[in-house]
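Biologist: I have a model open on my screen and would like to learn how to read it. Could you walk me through it?

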Amino acid sequence: MPRRSAEGGPGSLRLIGRDDLVAALDRAATGKVAIVTAPAGSGKSTLLRAWADRLGGSERLAFVQVQRDRQDAQIFWLALLNAVRGLSGDAAGKAEPLTASPNFSDAAAVDRVLVELAELDELDELARVTGRAGPAGRVCLVIDDLHELASPDTFAELTRLLTSLPDGVHAVLATRRDLPLRLHRLRLAGELAELRAADLQFSTDETRALLDSAGVTLSDAAVDRLHERTEGWAAGLRLAVISLTGHPDPERFVADFTGSNRTVAEYLVAEMLERQPQEVQDLLLRTSVLQRVNGELADRLTGRPGSERILLDLEDANAFVVSLDAERTWFRYHHLFADLLRLELRRTRSDEVPGLHREAADWLAGHGQAVEAVRHLQAAGAWAEAATMLGVRSFGMMLDGQEETMQALLEAFPKRSGADFPELSIVRTMVDLLHGRLDDAAAHLTVTDACIAAEPEDRRRRLGAALNALNLVLARRRGDLAGALHYAELLDSDTGGSDEEIVLSSELRVLALLNLGTVEAWALGVSDGERHLQEGADLARKIGRPYLEVACLAQLGFATKLSRFGASRTICEQAIALADAHGWGAAPIVAPALVTLACSMVWRGEFDDAERTLSRAEAVLRTDSGPGIGTLLHLVTGMLHAGRGQESEAAEEFAKAHDLQDRLTHPHALSGNVTGWLLATRARLGAVADARSAVESLSGSQADSGEANNARAVICLAEGDPAGALAAAATVVSAGAPTGFVGTEVEAQLLTALAHRALGDQRRAEQAVERALALAEPERLILPFVTTGARDLMATMPRGRSSHAALLTDILDVVQGVSLTAATSGLTAGQELSPTELRVLRYLPTNLSRPEIAGELSISVNTVNTHVRNIYAKLRAADRSSAVQRARELHLLAGVAGR
C-alpha cells in the first residue's frame with residue numbers, strides 16, 4: 001500500500017497507535033465489503049495504512065487511490081485493473097492493460113476485473129495442487145478517496161463488482177460522503193460493515209496520548225477543552241499539536257484555539273468551503289451567525305428557498321454539518337468549521353453581519369425562542385431592543401427557573417444606568433433576589449421605580465406590575481409580613497382583560513401565594529402559610545408552571561414541619577423529585593425542601609442520610625446568600641452535630657445561624673430555635689456565665705419562648721441548680737410558654753427528668769421520660785433524647801414498664817452511635833401494615849408477652865393476636881423472630897436490635 005502523509009496533518013508528525021480503531025476495521029473487513037465514511041481530515045487514509053501494516057502480508061492488497069480532480073472513469077478502472085494484475089506476481093506476462101479509448105466501457109472494465117480475480121483464484125488453486133509456492137492470503141481491493149468519482153454509471157458498475165466478488169475476495173472503501181452504491185443485499189446478508197465519523201473521532205485519552213507523543217504537556221482541563229473544540233477531529237488535533245509544540249504558553253493557546261487559527265482555517269477553506277458551489281458557500285456563511293439552523297431560518301437569512309435540501313445534502317456529504325434531532329430538521333456546524341465560517345463572513349461581508357443578526361432575532365422571537373433572539377440583538381449592537389425584549393420575557397424566564405441564563409444575558413450588555421434601560425434594572429433585581437442579594441435588589445428596584453414615571457402608559461403599567469411582584473419577593477426574603485400583604489394585594493388588583501393578561505394574572509397569583517405563604521410560614525403567630533402555599537402549588541400545576549410548583553412545595557414542606565412532621569417529609573420529597581425531573585435539582589429553589597427534609601432526618605436519628613442531604617443543600621446554596629434559608633441550613637447542620645455529640649461544631653453552626661437571622665428585618669419562626677440551641681450548647685460546653693447573661697438579656701417573644709426556657713433549664717443544670725431547671729422547664733411542660741413544635745415539649749420533659757434525678761427522685765424522673773416518649777412516639781422523634789444528655793437515664797429505664805419500648809430501643813441504638821434509616825417498607829399496597837399493626841410490630845423485638853403488649857396499648861389480647869397474625873401474613877413470617885427479622889429488612893424497625 002502506498003505511503004503518504006496522514007490525512008489532516010503533515011507526514012512528519014508522529015502518529016499514535018489506535019489499536020481499537022484498527023481492530024474495528026479488521027473486524028469489518030472480514031465481510032465482503034467494508035466502507036469507512038468520514039469527513040476530510042478524519043484519518044481515513046491513516047487508518048487504512050495502519051490496518052495494512054498490521055496485516056503484515058497476510059492478505060494481498062490491490063490498492064487504488066482516486067486522485068482529486070481526475071474523475072475520469074477510465075483512469076479509475078485501469079488503475080484498479082493494474083492493481084489486481086499485480087497480485088498474481090506475474091504481471092510481466094500479462095497482456096497489455098486496457099488503454100483509454102472512445103469506446104471504453106465501464107461494464108467491460110468490471111468484467112475484465114472479475115476475470116482477473118477469477119484467474120487469480122485459479123492460479124492459487126493450481127499452486128496448491130502442484131505444490132508450488134504461490135501468493136498467500138485472501139485478496140482485498142482497497143479503494144481510498146472514492147468520493148472523488150462523480151459518474152453515476154461508474155457507481156452502478158462498482159455496485160455490480162462489489163456484489164459479484166468471488167469467494168475469498170473482499171473490498172475496503174474509504175470516502176468522505178455516502179456513496180450511491182446499492183449494497184442493501186450485502187447489508188441484509190451481514191456482508192457489509194461500516195465505520196463512520198463517530199468511530200474515527202479521537203477519544204480524550206487518545207488526545208492526551210497524541211499530545212504526549214509530541215512532548216506537549218497540558219492540564220486535564222486543557223486537554224478536555226481541546227478535545228471538545230475539535231470534537232475529536234484528527235486533522236484539527238494534529239494541526240493544534242503542531243502549533244503547540246514549543247509554544248511558550250500552551251494553556252493559553254488551547255483556551256484561545258478556534259477554527260480561526262491560521263493553519264486550521266487554511267485547511268478548512270481548502271478542503272471544505274472552496275469545494276462547495278457558490279450557493280452553498282453563501283448559505284454556510286450567512287447562517288454561521290446561528291448556533292443552530294433549520295431550513296426555514298436559513299431561507300430567511302439567504303433570501304431564497306431550498307435551504308433544507310442543501311443542509312441535508314451537506315450532512316450526507318459529511319461536510320461538517322450535524323443534525324440535532326431524529327427528524328433532521330435542526331442542524332449545527334462543527335465547532336471549528338463554524339469558527340472558520342464566522343471569520344470568513346467578517347472578512348468578506350462584515351457590513352452584512354448586523355443585519356443577519358437582526359433577521360435571526362426577528363425569526364427566533366416569532367417562534368418563541370426569546371433567549372436566542374436577545375443574544376442576536378446583542379450581537380447586532382441593538383442594545384435598546386435587546387433590553388426591551390429581555391425585560392418583556394424575563395418574568396416568564398424567572399418562572400421557568402432560568403436565572404443563570406438571565407445572568408449571562410445581563411453580563412453581555414454594556415454598562416448602562418437604569419434610566420437608559422429600566423427593563424434591565426428589573427432583570428437585575430430578579431437575579432439578585434434569586435441569589436439572595438437583597439440589598440442590591442432593593443437598590444435596583446429604587447432606580448427602576450424612579451425612572452418609569454416618564455414611560456408611556458402601557459409600558460409603565462407593565463413595569464409597575466413587575467415592580468410589585470419583585471417587591472413582594474423582596475418582602476418575603478426579608479421576612480416582612482406587612483410588606484408581603486401589601487404587595488400581594490396590589491398584584492391581585494393588577495389584572496387585565498386580554499388573554500395574555502389573564503395568563504399573567506394567574507402566574508402573578510401563584511407568585512403572590514408563594515411569597516405570602518412563605519412569609520406567613522416564617523412569621524411568628526401566622527397560621528395561613530400552609531393554606532396559601534398549597535393553593536399556590538395547586539394553581540401552578542393547573543397552569544403548567546412546574547418551577548412555581550416546586551417553589552411552593554419546597555416552602556410548604558417547611559411550613560408543615562412543625563404541625564405535621566410526617567406530611568412535611570412527604571411534601572419535601574415530592575418537591576425534590578419534581579425539581580430533579582425538570583433539571584432544577586441543583587437550583588436554589590429546591591433548597592428549602594432539602595434542608596427541611598434533612599431536618600426531619602436529624603430529628604428521627606437518621607444522621608447519615610441527613611448529612612448527605614445537607615451536603616446537597618450546601619452545594620445548591622452556593623449561589624444563594626439569602627439570610628433566611630442560610631439560617632435554616634446552619635441551624636439544621638448544628639442540630640446534626642449536636643446529635644452526634646460534636647458540641648463545638650454545633651455551637652459554631654448555631655452562631656452562624658444567629659448572625660444570619662440578624663439580617664432579617666422581622667422575627668421569624670426559627671428565632672427561638674436558633675437562640676435556644678445556641679445558648680444551651682454554649683452552656684454544655686462550659687460557657688455557663690456567658691449563656692446565663694445572654695438568656696437574661698432576651699426580651700419580648702424570644703424571652704418567653706419554650707426554646708429559651710429550655711435553654712434556661714440547661715443552664716440551671718450546668719450551674720448545679722436542678723430546682724431552677726424544674727421551674728424553667730415547667731413553663732414549657734405546663735404549656736405556659738409558647739412553642740410551636742412538639743420536639744420542644746419532648747426536650748422540656750427530658751430536662752425535667754434530669755432535674756428530678758439530680759434531686760434524687762428516680763420515680764418522677766422515669767415518669768417524665770415516659771411522658772417524653774409518649775410525645776415523641778407519633779413522629780418517632782429521637783434527637784432530644786440524644787442531645788439533652790439523658791443517656792444514662794434512658795439506659796436505666798425499665799423497658800418492661802414502658803409503653804414505648806420499641807421507640808426506647810431505637811433511642812438507645814442512636815445513643816450508642818447507630819444512624820437509623822428511613823422506614824420505607826417496600827411492601828405493595830395490599831401488604832402495607834396499618835398504623836395499629838405498626839404499633840404492635842414495634843413491641844415484637846422486646847421481651848413483652850402478648851398480654852403485656854395488650855396492656856401497654858390498652859387493647860384486648862384477642863386484638864393483639866389478630867394484629868400479630870396479620871403482621872405474620874403480610875411479612876410472610878412463621879414466628880415472632882422471623883417477623884422481626886423481616887421487618888428489619890424492610891426498614892419497618894429501623895435500627896431496632898432485639899434485646
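Modeller: Gladly! Keep in mind that this is a predicted model. The chain contains 46 helices and eight strands. Of its 899 residues, 54% are buried.

Biologist: What share of the contacts between residues at least 6 apart in sequence join residues at least 24 apart?

Modeller: That share is 70%. As for the surface, the chain exposes about 37,800 Å², and carbon and sulfur atoms supply 50% of that area.

Biologist: Let's look at a single helix. How many residues of α21 are buried?

Modeller: Buried here means under 20% relative accessible area. By that cut-off, 13 of the 13 residues of α21 are buried, so the helix is largely enclosed by the rest of the structure. Helix α21 covers residues 422-434 and reaches 19 Å from its first C-alpha to its last, close to the 18 Å expected. Just after α21 comes Gly-436, with a positive phi of about 75°.

Biologist: And how do I read a pair of helices?

Modeller: Two packed helices are described by the angle between their axes and the distance between those axes. Take α31 (residues 627-643) and α33 (residues 671-684): their axes come within 11 Å and cross at roughly 35°. The crossing of α31 and α33 is left-handed.

Biologist: Which residues make the contact?

Modeller: From α31, they are Thr-631, Leu-635, Met-639 and Ala-642; from α33, Asn-673, Val-674 and Trp-677. An α-helix has 3.6 residues a turn, so residues three or four places apart point the same way. By class, the contact of α31 with α33 has five nonpolar residues, two polar ones and no charged ones.

Terms used: Residues are numbered from 1 along each chain as its sequence is written. This is a predicted model: local features need pLDDT of at least 70, side-chain atom pairs count only at pLDDT 80 or more; totals for chains, interfaces and linings use all residues. Side-chain values use heavy atoms; hydrogens and water are left out. Helices (H or I, at least four residues) and strands (E, at least two) are DSSP runs, numbered from the N terminus. Buried means under 20% relative accessible area, exposed over 50%, partly exposed in between (1.4 Å probe, protein chains only). Contact means heavy atoms within 4.5 Å. Accessible areas come from the Shrake-Rupley method with a 1.4 Å probe; for residues, only the protein chains shown count as cover. The expected span of a helix is 1.5 Å times one less than its number of residues. Axes are lines fitted to C-alpha atoms, for helices over the stretch in contact, and angles run from 0 to 180 degrees between N-to-C directions. A crossing is left-handed if the near helix is turned anticlockwise from the far one by less than a right angle, and right-handed if clockwise. Ala, Val, Leu, Ile, Met, Phe, Trp, Tyr, Cys and Pro count as nonpolar, Asp, Glu, Lys and Arg as charged, and the others, Gly among them, as polar.
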